[in-house]
Structure formats: C-alpha cells, structure tokens
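Morning, everyone. Please look at the structure on the screen. I'll keep this short.

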Amino acid sequence: MKKVFEVALGILTAIGGFVDIGDLVFNAQVGARFGMSLALVTLLGVFGICVFAEMSGRVAACSGRATFDLVRERLGPRMGLANLVASVAVTLLTFIAEIGGVALAIMLVTSISEVLIVPFVGLLVWAVLWRAKFSVMENVLGLLGLGLVVFTVALWQLGPSWGDFVSQAATFDKPGKEDWPTYAYFAVGLFGAAMTPYEVFFFSSGGVEEKWTSKSLGIMRANVLIGFPLGGLLSLSIAGCTAVVLGPLQVDVGALSQVALPVAVAVGKIGFAFVIIGFVAATFGAACETGLSAGYSIAQFFGWQWGKFVKPRQAARFHLVLILATLLAIGVLMTGVDPIMVTEISVVFSAVALPLTYFPILVVANDRDYMGEHVNKAFANVLGTIFLVLIVVIAVAAIPLLVITHMGAGM
Amino acid sequence: MPPLTNRLDAPWLDAALHLLDRQVVDVDGKMVCNVDDLELIEGAGGEMAVTGILVGAAALVPRFSGRLGNWLRATWISLGAQYAARDVPLYLPLDLVEHVGSDVRIRVPREGLLDRQPASGPGTAQHRMDDFLGMDVVRDGERLGHVLDVRLQPRKQESRMLVVSLVVGRGRPGSLLGYDRGDFNGPALVKWAVTSLHRHSHLVPIESVRSVDWDAGRVEVSGPVEPLRTS
C-alpha cells in the first residue's frame with residue numbers, strides 16, 4: 001500500500017492538468033463534437049508533460065530548486081516577472097474556477113445554490129492548505145480523484161465500436177459539421193491543458209516538499225509515468241463516453257451534469273455516486289494544486305521561504321499569499337460568475353507562460369552545478385527541444401484561434 | 001568534474017550567471033532571500049570587487065530597467081515617502097557566504113540577519129552590479145558590445161571577490177546561459193542559437209579597462225582582448 005501512495009503526487013498533479021473543472025467540461029465537449037478525432041493530441045500532451053515533468057522533478061530532486069527558482073535564475077527579473085504575472089494569472093483563474101467547481105459538484109447532489117456553498121468550500125480549501133500535511137493531502141485527494149476511473153468503466157460498459165474509435169483517432173480528419181479553425185482551437189486547448197505550467201510548479205515543489213534527493217529519481221519517474229498517462233486515460237474516457245452518448249444527440253456540453261450523464265446511463269446509481277466523489281475530489285485536488293502553485297511561484301520568484309515542510313509561521317509570506325488567494329476566489333465567485341467560463345479565459349495567459357516556463361527547465365537540466373551526474377541525456381534533450389518548438393507554435397497560435405473561433409463556438 | 005562543486009573553490013565565477021537571482025539559504029536550510037543585486041566597490045586605485053549581496057525591493061526594482069522600471073521605482077518610493085533611505089537596499093556581507101552552487105549558502109541563521117547597506121569606506125565608490133552589466137564597451141573608438149557578465153576571482157580574500165575580466169558581446173546579460181563555461185553542453189538547437197548570437201563575444205581582462213563612466217554607462221578599453229569560446 002505504501003508503494004501506491006508514493007505515486008500520489010504524480011496522480012494529484014495530473015488530475016489538476018487533465019480533469020480539473022475546466023477540462024472535465026472541455027473533454028466532454030470534445031467528445032460530443034469531435035468524437036475521438038482529437039485523441040492523438042491528448043496522447044501528445046501526455047508525452048510532452050512527461051518529458052518536462054521528469055526534467056523538473058529531476059532538477060528538484062538533485063538540487064532542491066523548484067521550477068520558479070530556475071525561471072528567475074535563467075531569464076532574469078524582467079522576463080521572470082513577465083512569466084510570473086502570466087503564470088499566476090493562469091493559476092489563480094484556475095484556482096477560482098476549481099473552488100467554484102467543487103461547489104458545482106456538490107450542487108449536483110444537494111441542489112443548494114453554488115453561491116451559498118462557495119464560502120464553505122473556500123474555507124475548507126484554505127484549512128487544508130494551512131493545516132494538512134502535504135502527504136495526507138496528496139494521498140487522500142489523489143486516491144478519491146481516482147473515482148473518475150468510473151468513466152473508463154462506463155465507456156467499456158457502453159461498448160462503443162472500438163474500431164471506429166481507433167480509425168477516428170488515427171486519421172487526420174474532423175467531423176463534417178466543424179470547421180478547421182475550431183478543430184485547431186480544441187486541439188490547442190487540449191494540448192495546453194495537458195501542459196499547463198502549474199503542473200510543473202506543483203510537481204517540482206512537491207518533490208521538494210517530499211524531500212526528494214538524487215536517490216529518489218526512481219520514485220520521481222514512477223510518479224511521472226503513472227500519474228500523467230492516468231490523467232490522459234481519464235481525459236480520453238470522458239471524451240469517449242460523451243462521444244457515444246451525447247455525440248449522436250448533437251448536444252453542446254456546457255454543464256457538469258451533462259458530463260456525468262453518460263456514466264449514469266451506463267453504470268447507474270452506483271456509477272453516479274463514484275462520479276460525484278470523483279468530481280469533488282478532482283476539483284478539490286486541483287484547487288489545492290493551483291492554490292499552492294500560486295504561492296510557490298510568487299515565493300520562489302522573490303526568494304521567500306515557502307512550503308508545507310516548514311511550520312506556517314516560518315513561511316509566513318507564503319501562507320499570506322494563500323489566504324489572499326482564497327479570499328479573492330471567494331469574492332470573485334460570490335458575484336455568480338460561471339467557473340467554467342473562467343478557465344477558458346486562462347488559456348490566453350497560458351500562451352505567454354508556457355515557453356517561458358519550459359525553456360529554463362530544459363537549460364538547467366543540462367547544468368552540472370544543479371544536476372551533478374544526472375544531467376540530461378541526448379534523448380531527453382532531443383525530446384525537450386521538439387516539445388519546446390511545439391509549445392512556441394501553440395503559444396503563438398492560441399490567442400488568434402481563441403478570437404477567430406469565438407472560444408470554440410465556430411466561425 | 002565532480003558533481004555539485006562549490007563555485008567558490010573554482011578559479012573563477014561569473015556574477016550574472018552564478019550569483020545574481022540565486023536563492024540564498026541559511027545554515028539551517030531556511031530560505032533567506034534572493035540575490036537581487038551585488039555591491040560593487042571601486043577602490044582608489046581603480047580596482048573593482050564584489051563585496052556584498054543586495055536584497056529587497058530597493059535592489060530588485062531598479063533592475064526592471066526602462067519605462068516599467070522607472071515607474072515601479074517611483075511608485076515604490078512614493079509608497080513610503082516618509083521613510084529615509086527608501087532607495088538603500090538590505091545587505092548581506094560576502095564573508096557570510098560559504099557555498100555557491102545551485103543556491104548561495106550562508107554560515108549563520110537567518111533571524112535578524114538583513115540590515116541596510118552601509119556607506120562605503122573613504123576613497124572608494126559604491127556601485128551596483130546591475131548598473132555595470134549592459135554598459136557599452138568601446139575599444140579605441142570601436143564598439144565591442146555590452147558587458148554581458150563580470151568574471152570574478154573568489155576566495156582570495158573572504159570578504160571580496162576581485163573583478164578579473166568582463167564578458168563583452170551582443171545581446172543581453174544572461175543570454176550566454178552558461179555555454180561559455182566549458183562544462184555545459186545543452187541541447188543542440190539552443191547551443192546553436194547562443195553560439196551564433198555570441199560569435200563576436202570577447203573576454204576583456206580588467207587590465208585592459210581604461211575607464212568606466214558610470215553616468216554615461218560606458219567602458220573604455222584598450223589593449224588585448226581575447227575571443228570568447230562557447231563550448
């Protein structure tokens with residue numbers, strides 16, 4: 001059992017990237033509108049995040065330096081600040097959305113208005129960030145988040161034509177009713193979600209929280225290789241379920257209840273119970289991930305003490321950031337804004353943050369002062385370079401696509 | 001090269017690459033601050049040495065150069081108009097530093113550590129590393145480029161690191177990313193970009209520096225300079 005918990009960090013990190021509130025709905029939308037024709041993009045994203053999470057985890061294990069330390073060291077204060085502003089914007093917008101997402105998930109079973117639930121969720125998230133041990137937080141939320149595996153079970157129960165799925169995934173084509181820019185917008189969205197910068201902030205800082213050393217590289221790689229592919233599997237399962245159930249009905253998915261519907265159809269009440277637990281745990285986990293990531297990046301940029309491995313009193317500024325972030329989130333959500341909408345806006349900031357985050361990781365992973373003998377091998381460098389180029393292309397394309405497709409609504 | 005060397009034991013280290021923007025960690029492993037800037041003292045004989053780490057908004061804010069930097073600095077000062085010495089950063093003397101690697105480690109606990117930067121001694125002038133970096137370098141009327149990094153000699157004296165040479169070339173300070181260090185061999189594409197940007201970079205020994213005009217941001221050099229090799 002201890003072995004299972006050793007990969008909890010990777011699972012929790014991946015949940016925040018692949019099945020947080022925005023992605024739950026986004027994946028379901030993709031399934032309903034595009035079937036499995038974008039599956040390869042998700043796989044590509046899984047591959048990319050594995051490459052860079054492994055690098056950032058290795059830097060953290062070998063040197064104790066988390067990702068935002070590297071950003072400022074290699075890019076200097078000016079570019080570092082540009083990245084900080086963009087990253088913290090993405091991370092905080094997502095944090096706000098996740099707290100709203102937990103409330104939406106609870107609303108599915110209680111029918112109490114989300115606005116009334118939000119303050120309690122916010123307080124609970126803050127209490128976890130302040131008080132809970134890091135390992136307890138990742139174990140509980142990582143494990144409960146696995147409730148979403150019910151989507152994989154549901155997909156299997158629905159018994160789709162697997163041959164169709166494979167041919168949709170393997171051929172480069174789109175459903176006739178969609179246009180190419182919209183297809184590209186959803187592809188960029190899926191890839192961007194898989195590689196959101198707060199995943200590496202959280203994963204590398206989490207490695208420092210868990211006191212990884214160069215002896216922990218095996219555990220670190222297990223986290224990467226189990227966590228992110230599992231996240232990708234959940235993401236594809238959700239898309240698959242909605243492709244089968246909602247695709248033929250021409251439904252445009254926009255609400256969490258629609259995401260859960262295929263499971264209720266396929267597995268019934270028990271399945272629905274798992275979905276709700278999975279939704280709550282995944283969004284709550286993503287809230288903890290993004291909240292902590294905002295604190296980590298700000299503290300690392302300015303050189304403040306951070307982390308839950310010291311007493312809150314010893315990392316006072318870091319915890320002050322967490323308190324302010326929670327208050328901000330509650331305040332924004334009390335206006336009644338749609339949390340799912342909030343995550344879509346964050347794509348814009350992601351575009352700036354992605355290259356400025358992954359470039360310093362790639363450079364420092366080659367530096368013996370940090371890595372000793374564990375510097376990048378040629379294989380990691382080649383993959384890192386390929387994905388860096390891809391990230392730059394995605395970053396440049398993201399905002400124009402967002403504008404011309406009206407956030408995926410079509411031209 | 002053995003892993004994770006202490007750069008203080010190496011023959012030289014680069015101010016921008018190895019010191020600026022690094023995390024400072026105290027004797028108990030607690031984080032103290034970042035190296036926001038470095039104090040650079042110009043002696044009566046014109047010799048220059050790094051003597052301390054500068055910390056805090058008063059050190060960091062001026063580094064956001066240009067319009068944004070000026071605005072940030074004016075805002076920072078007006079936020080505390082009633083305070084004297086709003087522009088004086090906090091200070092960490094160099095003799096407290098015992099290790100420079102992926103972080104800068106000091107030999108004392110962090111409690112009550114940072115105090116205001118003291119005034120410099122008689123006959124010496126106090127400068128900041130960031131003002132030196134980026135200066136125009138002119139050799140007999142011909143522009144060589146900017147000061148990209150400042151090479152220091154550690155450990156001759158505990159309390160100071162003498163400036164031994166300047167890395168001069170095109171681009172911005174920090175853009176060499178360590179490719180000139182000799183033990184760094186990063187991804188081929190990045191290496192190609194850095195090498196082609198810096199194919200005209202030079203190493204200027206401090207003996208060749210004739211004068212430094214701090215107000216105009218100009219360094220006059222004459223005599224030999226050597227081409228910089230990227231690994």
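Which residue forms a salt bridge with B:Asp14? The partner is B:Arg151. The closest N and O atoms of B:Arg151 and B:Asp14 are 2.9 Å apart. Keep in mind that this is a predicted model.

Now, where does that pair sit? Chain B is divided into domain 1, residues 7–127, and domain 2, residues 131–227. Across the interface of these two domains of chain B, the rule finds 1 salt bridge. It also finds 10 residue pairs in polar contact there, both residues at pLDDT 80 or more.

Next, which elements supply the domain 1 side? In chain B, strand 1 (13–14), helix 1 (15–19), strand 4 (37–42) and strand 5 (48–55) each give at least two residues to the side that touches domain 2. Helix 1 of chain B gives the largest share, 5 residues. What kinds of residues make up that side of domain 1? They divide into 15 nonpolar, 3 polar and 8 charged.

Let's step back to the whole interface. The centres of domain 1 and domain 2 of chain B, taken over C-alpha atoms, are 20 Å apart. In chain B, 26 residues of domain 1 are in contact with 24 residues of domain 2. The area buried between the two domains of chain B is about 2300 Å². Carbon and sulfur atoms give 62% of that area.

Which residues of domain 1 lose the most area to domain 2 of chain B? They are B:Leu8, B:Trp12 and B:Met48. Together they account for 24% of what the domain 1 side buries.

How values were computed: Residues are numbered from 1 along each chain as its sequence is written. Chains are lettered from A and ligands numbered from 1 in the order in which they are written. This is a predicted model: local features need pLDDT of at least 70, side-chain atom pairs count only at pLDDT 80 or more; totals for chains, interfaces and linings use all residues. Side-chain values use heavy atoms; hydrogens and water are left out. Domain bounds come from an automatic or database domain assignment. Contact means heavy atoms within 4.5 Å. Buried area is the accessible area (1.4 Å probe) that two parts lose on being put together, summed over both. A salt bridge is a side-chain nitrogen of Lys or Arg within 4 Å of a carboxyl oxygen of Asp or Glu. A polar contact is a pair of N or O atoms within 3.5 Å; within protein, one must be able to donate a hydrogen and the other to accept it, and residues adjacent in sequence count only if both atoms are side-chain atoms. Helices (H or I, at least four residues) and strands (E, at least two) are DSSP runs, numbered from the N terminus. Ala, Val, Leu, Ile, Met, Phe, Trp, Tyr, Cys and Pro count as nonpolar, Asp, Glu, Lys and Arg as charged, and the others, Gly among them, as polar.
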